[in-house]
Amino acid sequence: MAKVAIVYWSGSGNTEAMAQAVEEGAKAAGAETTLCFVSDTTASDVAEFNHIILGCPAMGNEELEEYEFEPFFAELLPQLKGKVVGIFGSYAWNDGDWITTWKQRCNDEGVELVAEPVKAYSYPDEEALAACKALGETVANA
């Protein structure tokens with residue numbers, strides 16, 4: 001059974017709703033999950049997992065949240081190589097390009113995502129929530 005860490009940051013609840021759907025999908029695939037807000041864990045604790053799913057909305061100029069999530073991710077990123085990783089998040093302006101940049105940062109570090117990132121405009125609709133559940137299942141089964 002896979003043990004999946006799902007770590008997210010959410011300011012308005014949109015990315016939190018996505019995280020809950022990701023967890024639902026991972027559990028449906030038989031995984032044991034740990035779901036937590038980024039400030040409730042550390043990069044070293046998360047690095048102990050082999051299956052990791054990260055969620056963060058687009059902030060500012062299409063960037064990861066800068067005060068909690070970005071420092072956490074910068075510390076965790078070098079430790080993600082060889083692990084099963086997925087990413088997701090929401091956005092409310094522009095085109096959601098932050099997720100493409102985030103994926104590229106992973107790839108540049110030698111981290112291959114197990115599935116395409118999931119993004120949702122504002123509060124996730126049914127299609128986005130289904131994609132989140134599928135992401136959870138994919139990571140759990142990888």
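**Entry 1**

I started with helices H1 and H5, whose crossing is right-handed. I am working from a predicted model, so I keep that in mind for every entry. H1 covers residues 14-28 and H5 covers residues 126-141. I looked up how their axes sit: they come within 6 Å and cross at roughly 45°.

Next I listed who touches whom. From H1 I noted Ala17, Met18, Ala21, Val22, Glu24, Gly25, Ala26 and Ala28. From H5 the partners are Leu129, Cys132, Lys133, Leu135, Gly136, Glu137 and Ala140. Sorted by class, this contact of H1 with H5 has 10 nonpolar, 2 polar and 3 charged residues.

I moved on to H3 (residues 69-76) and H4 (residues 98-108). Their axes are 11 Å apart, and the packing angle is about 25°. Angles under 35 degrees count as roughly parallel, so H3 is roughly parallel to H4.

Which residues make this contact? I found Phe69, Glu70, Phe73 and Ala74 on the H3 side, meeting Trp102, Arg105 and Cys106 on the H4 side. The tally by class for H3 with H4 is 5 nonpolar, no polar and 2 charged residues.

**Entry 1: aromatic rings**

I then searched the whole structure for aromatic pairs, and there are 8. One of them is made by phenylalanine 69 and tryptophan 102. Their ring centres are 5.6 Å apart and the planes are at 85°, an edge-to-face pair. Phenylalanine 69 belongs to helix H3 and tryptophan 102 to helix H4, so I had two distant parts of the chain linked here, 33 residues apart.

**Entry 2: the sheet**

My next stop was an open sheet of 5 strands with parallel pairing. In what order do the strands lie? I read the order as S2-S1-S3-S4-S5. The edges are strand S2 (32-37) and strand S5 (118-121), each pairing on one side only. Neighbouring strands are turned by 15° against each other on average, with direction ignored.

I zoomed in on S3 (residues 51-55) and S4 (residues 84-91), which run parallel and are joined by 5 bridges.

I wanted to see where H3 and H4 sit against the strands. H3 lies across strand S1 (3-8) and S3, and runs at about 150° to S3. H4 also packs on the sheet: it touches S3, S4 and S5, and its direction makes about 160° with that of S4.

**Entry 3: two backbone angles to look at**

Last, I checked phi. Most residues other than glycine have a negative phi. Where did I find a positive value of about 55°? It belongs to asparagine 94, which is not a glycine. Asparagine 94 is found in the loop between S4 and H4.

Serine 122 has a positive phi too, near 60°, and is also a residue other than glycine. I located serine 122 in the loop between S5 and H5.

How values were computed: Residues numbered from 1 in each chain as written. Predicted model: local features only at pLDDT ≥ 70, side-chain atom pairs only at ≥ 80, totals over all residues. Heavy atoms only, no water. Axes fitted to C-alpha atoms, helices over the stretch in contact; angles between N-to-C directions. Helix = DSSP H or I, 4+ residues; strand = E, 2+ residues; numbered from the N terminus. Parallel < 35°, antiparallel > 145°, perpendicular 65-115°, else oblique. Contact = heavy atoms within 4.5 Å. Nonpolar A, V, L, I, M, F, W, Y, C, P; charged D, E, K, R; others polar. Left-handed = near helix turned anticlockwise from the far one by under 90°. Pairing = 2+ DSSP bridges. Phe/Tyr/Trp six-rings, centres within 6.5 Å; stacked < 30°, edge-to-face > 60°.
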